[in-house]
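Good morning, colleagues. Please look at the model on the screen while I describe the surroundings of its ligand.

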Amino acid sequence: MRMLIMGAPGAGKGTMASIIKEFYHIPHISTGDMFREAMKISSPVGLTAKQYIEKGELVPDEVTIRLVEERLREEDAQHGFLFDGFPRTLSQAQALDTILSLQNVKLDVVVDMRIDRDLLIKRLSGRRVCSQCNANYHIENLKPKVEGICDRCGSPLIQRKDDTEETIHHRLAVYEENTLPLIAYYEAKGLVVAAKGYGNTYQSFCEIEPILGAMHDYNQK
Ligand code: AP5
Ligand code: MG
């Protein structure tokens, strides 16, 4: 299965991706997570990405596309993948089309997570993430058992630098200008399935799963 998961910042892409990857046994490739890992070790990509991410801007296309090209060459991505947060611009979408056509494979489906804007701001400003394993929490809706500590690995929770209210507004504007138009791009290819970004994520997944499976089977024929 070759899938993209799209949606505004905070729409629940990462949360939904963690369910989908288990179901289809495909790697979850989040460009945001890859950049944050690179920032932790201050690699050249990390140092470049930091300048953009902390302001809520997009990392330049050439840096992002190179990172994705390298990731797609890895063994675990040969039989499927789930991209979360990529592509985010028309150039990135076209670059992905080129990479896949050179490999003689196609995308199966694009999941578009839909949710009201007001809820996004509440979610992102209250989100806390594990500094080690990236597990997600929320100060009201999804509290860890021990305040400030990850249930899964015991590491401290932190607030992402781009989760301040001012930066969240900017990320939403950047999304609307650069990334939202890609939904029409993929709709024209008949690939988009809308999913609820609110309520129980597992239930939202169960609602769309038969459609995802059917689109995958159709593309195999
Ligand atoms: P990235 O890490 O991709 O961030 P984002 O798109 O802004 O999205 P988020 O990760 O903030 O939200 P999400 O949709 O994953 O929601 P989540 O599941 O966490 O990118 C960060 C930055 O990296 C970008 O701004 C850019 O600078 C750079 N970048 C990345 N990719 C790039 C690219 N391709 N090109 C250029 N630059 C790039 O959920 C959010 C919260 O809501 C959590 O607290 C969660 O617990 C909660 N939640 C989720 N679902 C539900 C639900 N159903 N009900 C209740 N709560 C829920
Ligand atoms: Mg995410």
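The largest share of the shell around ligand 1, four residues, comes from H2. Helices and strands here are DSSP runs numbered from the N terminus, with helices being H or I of at least four residues and strands E of at least two. At least two shell residues each come from helix H1 (13-24), helix H2 (31-40), helix H6 (117-126) and strand S6 (136-138).

This is a predicted model, in which local features need pLDDT of at least 70 and side-chain atom pairs count only at pLDDT 80 or more, while totals for chains, interfaces and linings use all residues. Residues are numbered from 1 along each chain as its sequence is written, chains are lettered from A and ligands numbered from 1 in the order in which they are written, and side-chain values use heavy atoms, with hydrogens and water left out.

Which residues come nearest to ligand 1? Of the 34 around it (a heavy atom within 4 Å), they are Thr15, Glu57, Arg88, Arg127 and Arg171.

Let me turn to polar contacts, pairs of N or O atoms within 3.5 Å. A polar side-chain atom of Arg171 lies 2.6 Å from an oxygen atom of ligand 1; for Asn136, the corresponding side-chain distance to a ligand oxygen is 3.3 Å. Glu57 instead places a backbone N or O atom 2.6 Å from an oxygen of ligand 1. The protein covers 93% of the 1000 Å² of accessible area that ligand 1 has on its own, by the Shrake-Rupley method with a 1.4 Å probe.

Definitions and conventions:
A polar contact is a pair of N or O atoms within 3.5 Å; within protein, one must be able to donate a hydrogen and the other to accept it, and residues adjacent in sequence count only if both atoms are side-chain atoms.
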